Amino acid sequence: MTPVNSRMVFALVLASLEIALLGPVSFVSAAGPFRLAERQDARGSASPDSFEKLAERARAAMDADRVPEAIRLYGRATELRPDWPEGWWHLGTLLFDASRFREARDAFAHFVSTEKKQPGPGFGMLGLSEIQLKDYAKALAALERGIHLGLGPDPAFNRSVLIQDGGLNSSFGKFEIALKHLTLAANEIAAAHPEAPKDAVFADTDLLDAFGIPALRLAKRPADLPAAKITLVRRAGRAQAYIALQDLVTAEIEFQQLVALYPSEPGVHYMYGVFLLKEDPPRAVDEFKREIEVSPSQDAARIQLAFEFLRTADFDQGLKYAREAMALAPQNFAAHVVCGRLWLALGKTDRALQELRTAVKLAPGSPDAHFALSRALSEAGLEKDAAHERAEFERLRALADTADH
């Protein structure tokens, strides 16, 4: 994992969020040491003088890179004032940088429980600590929470969190979320290097590897990637990065080269088909069919074909692929959504309702599933139930729009 300058992160967070302080924050340089006085509203059982002296000694030890002493003093200070978020942050970052990840995890857990103004960076560091402890489910939950709340103004920290989050989402099969967050990372890297944005993005091999994995629909973390797959994944990551940077002309060239080099590798024709879907649907259909030839058990290509045949009103052909997808992946709600919509288009309302209710049960947080079910309920004359599903669709869509913003 790429190292994080965690002390720098907190300095930037404080500067941008104007956290209430007793005294000023003094920066020697953008990456240099800083001093932080305590919050005015901090409370503790010890006298203010004893706490302030202890905190001052802890800061001095940290500024002088006397790390063991700083850890010991911040530990004592946070015992005296458990509601002191700055102390928990410093303690956590010192422990993280010292590779004491279990203790760092506990310190960041205290930070996010006490910091009321902007806990997002703390959730980011909590997630990075959980990764080091190999508790990937908890790590992903913490990183997602941090991204949702806002990670702060440090581009290097944001990049690290977004790339790690993308890798974890890929390992859990959440490829679309992974690609979305990695696209954010690519754009942040580009924005941080306005003199040569593309060069900065393509020099970041961690990002390219993280991009290639979900694009190829590999349920792996970059760290678990077999050596034999690295070249393929990185080439796929380059193509996906061009999409993220909205250079579609170069992306097309990259895809053509990728397909020529790896015509029999699973995932290659699928990602090219997704790229072609908006501008050249007939070629996209051909690529999805080639993907199925390469990977007979691939459900995602069948779902894409079913949606495309729904769009072109070739309902029987679409239903064929939708039913195959459901047989291969019965827990994939999207397969049930497209199957239900196809049954509805064929006038089979009862069958449509069955599939769409299954889709909502599998993915109650999907706006698309609720919207499709509302249409089927309306066709069946169940207006009260249809209105309920439409309201749920609107609620979930508003939440999704807020999260995107």
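**View 1.** E69 is partly exposed, at 25% relative accessibility (buried being under 20% relative accessible area, exposed over 50% and partly exposed in between, with a 1.4 Å probe and protein chains only). A salt bridge (a side-chain nitrogen of Lys or Arg within 4 Å of a carboxyl oxygen of Asp or Glu) joins E69 to R66, with 2.6 Å between the closest N and O atoms. R66 has a relative accessible area of 36% and is likewise partly exposed. The model is predicted: local features require pLDDT of at least 70 and side-chain atom pairs pLDDT 80 or more, while totals for chains, interfaces and linings use all residues. Residues are numbered from 1 along each chain as its sequence is written, and side-chain values use heavy atoms, without hydrogens or water.

**View 2.** R100 and E103 form a salt bridge. Their closest N and O atoms lie 2.8 Å apart. R100 is partly exposed at 33% relative accessibility, and E103 is partly exposed at 38%.

**View 3.** R234 pairs with D209 in a salt bridge whose closest N and O atoms are 2.8 Å apart. This pair connects distant parts of the chain, 25 residues apart: R234 belongs to helix α12 (residues 230-244) and D209 to helix α11 (residues 205-215). Helices are DSSP runs of H or I with at least four residues, numbered from the N terminus. D209 is buried, with a relative accessible area of 11%, whereas R234 is partly exposed at 29% relative accessibility.

**View 4.** A network of salt bridges links R105, D106 and E130. The structure as a whole holds 22 salt bridges.

Conventions:
Helices (H or I, at least four residues) and strands (E, at least two) are DSSP runs, numbered from the N terminus.
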